Each structure stands twice: as C-alpha cells, then as structure tokens.
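Try each task before reading its solution.

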Amino acid sequence: MGHAAGQIDPAFRELLGQGDGQSSLDEVLDSLGDSREDAPREADEGDVASLLKRLNDEIRQWDDVPPAERDEDDAGSSDAPADGSDYAAQARPVRQFLTPERANPAIPQPVPLAPDGPEDDSASKPTKQGNGKAKTYLSRGIKTGILLAVLIVLGWAPLQRLWQASSAEASVNARVITLRSPIDGTVELPNGPVQVGSAVDAAKPIALIENPRADRARLDDLTSDIADLKLETESLETRIVELTAHAGKLEEQRDAFQAGRIEQLEAQMKEYDADIAAAKAEQKEAGQMLARTKRLLERGYQSHASYDTAVMKEQVASSRIVSLEQKLIGTRVELEAARKGLFVGDSYNDIPRTAQRLDEITQELVTLRAERASKQGRIAVLEKEIAQARKRYDALASATIGVPSAGRVWEVLTADHEVVTQGQPLFKLLDCGGALVTATVSESTYNALKLGQPAMFHLRGDSAELPGKIVALNGLADVPSNLALGEGIFSREPYHVSVAVPGLAEKPDCYFGRTGKVTFDTSAASGAVAAVAK
C-alpha cells in the first residue's frame with residue numbers, strides 16, 4: 001500500500017479515469033461494485049479491508065500536501081500539468097472528485113462580497129485563513145462519509161455471511177449406477193469402444209450380450225408336441241368331414257324310405273277302406289237273402305238247409321267287415337309311426353338299417369368332435385407354454401444393456417467380444433438426475449442442522465447460487481457407497497451432510513466434481529443477523 005506522498009495509487013487512477021476528472025460518486029461506487037462482483041467471494045473480506053486502507057492512505061497523503069500547492073493545482077488544472085509538477089497531474093482527478101462542491105453540491109458556498117472601497121491586505125488575510133480551515137474540515141467530513149458508505153456497501157454482505165453457518169468443504173456428487181450382465185455370453189459393443197467420460201443416452205443401448213449356448217430343450221419339446229397335436233387334429237378334421245358326408249347320404253336314404261313307406265301305408269289304408277265298403281255291400285246282400293229265405297221257409301217253399309246257408313253267408317259278411325276295419329286300424333297306427341320316423345312291421349324292428357347306420361355315424365361324429373376340441377384346447381395351452389419358453393430362451397440367448405437415465409460413463413469394466421458371466425459388472429455410470437452436494441461441517445454447525453432445512457450452494461468461480469435442502473445428516477458415518485466421490489476427498493471436517501440441489505440436473509454434466517460452499521439457513525444464524533442489523 002505504501003506510496004510516497006505525491007504519488008496516486010494506479011488503482012484509484014483507473015477508477016477515477018484519465019482526463020478532466022468529471023467522474024461522480026455514483027460512477028466510482030458502481031466501478032467498485034463491479035470489481036467486487038468480478039472477484040471471488042472467498043476473498044471479499046480481504047479485498048474490502050485492503051481497498052479501504054489504500055483509500056485512507058491516499059486521502060491522508062493528499063491532506064499532507066501544503067494548501068498553497070493544492071491552490072496552485074486547482075487554479076492551473078488542465079490537461080497538461082502545471083509548473084512541471086507530476087503530483088499535480090496525478091492528484092487532480094482525486095482532488096476534483098473529493099472537492100466539497102462535487103461531493104455535496106447542496107451545501108451553499110460562501111460568496112465573497114464586493115468591497116465598497118479598498119481594504120487593507122492585512123485585514124483580508126485572517127478571513128482567507130478561516131475559509132481555508134472550514135473547507136478542510138468540510139472536506140474531511142465528506143470523505144469520512146464516503147468511507148462509511150463504501151464500508152457499508154462493500155462490507156455488509158461478507159460480514160453477513162460470516163454469521164451464517166456454512167460448510168468447510170463441499171463438492172457436487174452423484175449416484176453411481178452399475179450395469180451388470182443379466183446372462184452369460186459374449187459382449188458386443190454396437191457403437192464401438194465405450195470411453196470413460198462419454199455421454200450416454202437412455203434411448204440407445206450401450207452394449208449387447210449374445211449367448212449361443214443357451215438351453216432350448218424345453219422349447220424344442222413343446223414345439224414337437226404342438227406339431228404332433230396339430231397333425232392329429234387335421235386327421236380328425238378329415239375323418240369328421242368324411243363321416244359328415246356319409247351321414248348326409250344316409251339321411252337322404254332314410255328320408256326316401258320313410259316317404260315311400262308313408263305312401264305305401266296310405267295306399268294300403270285306402271285299399272282297406274274299399275274292401276270294407278265291398279264287405280258291407282256283401283253283408284247287405286247276404287242279409288236280404290237271409291230275410292227272403294226265412295219268409296220262404298215259413299211258407300214252406302224253402303228248405304232248412306237253404307236257410308242255414310243264408311245265415312252263414314250273412315255272418316261271414318259281417319265278420320269280414322270287422323276284420324277289414326281292424327286291419328285299417330293297424331295300418332293307420334303304422335302310418336302314424338312312419339310319419340314320426342318309426343317303422344312297425346314283421347320284417348324289421350322300429351327303424352331300418354339305414355337309420356341305424358346313421359345313428360352310429362352320428363355318435364361317432366360326436367366322439368370325433370369332442371376329441372378334436374380336446375386336442376385344440378391342448379394346443380392352446382401348449383402355445384402359451386411355448387410362448388413363455390421362447391421368452392425365457394430369448395432372455396438367455398441375448399440381452400440388451402440399456403441405460404436407465406442420461407449421464408456419463410464413470411468406469412468401463414469390459415471390452416468388446418469379452419466373455420462374461422451373469423451378474424458381472426460391465427459399466428459404471430454417473431446419474432446426473434440424482435446429483436447432490438456432499439459437504440463437511442464442524443460439530444457445532446452439524447448439531448444446528450435439521451433434515452429438510454433450506455440451504456444455498458455456491459460454486460467456486462461462479463456468482464450464481466443454487467437453492468437446495470438437507471436430505472441426509474450422515475454425521476461421522478462414511479459417505480454412502482453408491483456415490484461417486486467417497487470420504488477420502490474430504491479432510492477438513494469429519495461431519496458429513498448431503499444437500500439436494502435440483503438445479504444441478506439442469507447444468508452441463510450436473511457440475512459433477514466441482515467444489516463450492518454450502519450456506520445453511522439456521523434459525524440461530526438468522527437471529528444473529530437480524531440483531532446486528534438493528
């Protein structure tokens with residue numbers, strides 16, 4: 001910091017500018033604020049103290065210059081230094097910026113009154129000295145106010161962070177996903193060798209496993225059984241078709257026989273009706289003859305033998321009528337049975353041979369159709385089993401190694417065409433979707449934290465702050481084994497805290513491995529800040 005009197009720090013010359021010195025207080029403070037934002041936050045405290053000390057030294061150096069020399073510089077301020085003084089050229093922008101008129105234009109300046117007459121020079125000297133002292137005090141007061149303003153603007157935020165609970169170390173961590181081989185087989189990399197750190201997409205497979213020695217005996221047995229059942233079913237179908245056609249022919253024969261038999265019986269009934277009519281006519285004639293013979297016998301003109309003959313003929317005629325009527329009744333019964341498909345006769349049973357054969361074929365068709373349905377049901381069951389067996393075989397014969405979520409390759413544990421076993425690790429991936437911050441804190445800070453408590457994560461070298469919350473208080477326990485960065489990377493404090501920061505998933509590569517600082521919003525820290533502010 002130590003500059004000789006009459007030398008202006010180059011840092012302040014850059015802030016005030018080169019030229020006519022017309023920079024205002026707002027421009028200087030904005031310039032200081034910009035330089036502060038560009039600097040790392042970790043150096044805020046040191047930068048503020050250093051800047052204030054340098055500014056104070058410059059003001060003191062400027063105050064040490066004799067007033068006469070300052071008045072000469074004020075009177076001769078221009079683009080070119082006056083009297084060859086290097087200090088005048090360097091100090092002019094500072095003096096012009098810190099003059100009471102520019103620092104506080106609202107303060108009225110004393111205006112000298114025009115004298116009514118010539119005055120003694122000795123009387124005017126005390127007045128000039130008093131005005132110089134007032135200006136000096138006013139200038140010092142304004143500069144003191146400027147120093148306080150700079151202190152408040154630049155020192156409040158670092159001072160506030162000093163009262164907040166924060167981590168000693170913090171690093172962006174991520175879960176490690178281990179991809180294992182689901183089957184025995186040979187590794188095939190369809191996209192070429194997988195490089196560590198390369199990006200992987202969930203839509204594309206990272207590797208294939210082929211197993212040409214997968215067991216398919218069960219699949220082959222089921223396939224053979226289904227083929228045999230299908231052949232038997234086809235044979236049954238053919239037999240059913242043939243018997244159905246033969247049954248159709250038998251039905252035609254049966255129907256033709258039935259129709260002929262019905263016609264025959266109907267004709268026979270008509271014949272019986274005619275015979276009955278003839279028998280009745282003969283009975284009538286026999287009765288008339290018997291009556292004549294009886295009258296002649298009573299008169300003595302006819303013998304008893306003729307009368308007996310007449311009686312016999314009349315009785316025969318009556319009996320024939322009764323016989324024909326009974327035959328007619330029997331024929332009517334047979335006709336009704338024939339119309340129902342039942343045939344009554346002396347030479348055959350209830351149905352003819354054609355109808356009997358048709359019944360046999362019908363029973364055989366029922367049996368064949370039942371057997372066909374059974375085999376078809378068996379085929380359906382076997383087809384379900386063969387689908388499951390084929391699925392199991394396909395799962396054992398080949399497998400696709402996919403990525404559950406987008407991320408980066410953390411470790412490659414296999415190579416193309418390598419023979420692997422079931423469960424063998426192949427790749428390890430970083431899951432950026434599960435990124436979080438692992439931080440270490442002191443024991444006192446750890447005891448003040450709670451699950452779900454808000455926190456802010458600040459990346460080193462970045463002005464942005466990402467909100468999050470505490471999801472795990474691991475304490476002295478090791479960092480979870482499913483995280484990529486283990487306990488060995490932290491050494492300053494033994495207490496571990498896990499903070500979920502959703503915004504990391506949206507960042508490139510989720511900022512994995514980058515370090516930073518976690519600030520916890522504890523109630524105790526918030527109360528302390530509020531008390532100091534009051």
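Two strands count as paired if DSSP finds at least two bridges between them. Keep in mind that this is a predicted model.

**Exercise 1.** Find which strands pair with β13 and in what sense.

*Solution.* Start with strand β1, residues 165-166: β1 and β13 are joined by two bridges in the antiparallel sense. To place this pairing, look at A165, whose bridge partner in β13 is F520. Next take strand β10, residues 454-459, which pairs with β13 over five bridges, again antiparallel. Here G516 of β13 stands opposite L459. Finally, check burial: four of the five residues of β13 (residues 516-520) are buried, so the strand is largely enclosed by the rest of the structure.

**Exercise 2.** Compare the span of helix α9 with its expected value.

*Solution.* Helix α9 covers residues 304-339, which makes 36 residues. Now see what is buried along α9: the list includes A310, I321, L328 and A338. Helix α8 (217-299) is part of what covers these buried residues. After α9 comes G341, with a positive phi near 95°.

**Exercise 3.** Decide whether Q453 is buried or exposed.

*Solution.* First locate Q453 in the loop between α11 (443-447) and β10. Its relative accessibility is 9%; buried means under 20%, so Q453 counts as buried. Then list its contacts beyond four places in sequence: among them are A448, G468, I470, F520 and T522.

Technical notes
Residues numbered from 1 in each chain as written. Predicted model: local features only at pLDDT ≥ 70, side-chain atom pairs only at ≥ 80, totals over all residues. Heavy atoms only, no water. Buried < 20%, exposed > 50% of the residue type's maximum accessible area, 1.4 Å probe, protein only. Expected span 1.5 Å × (residues − 1). Contact = heavy atoms within 4.5 Å.
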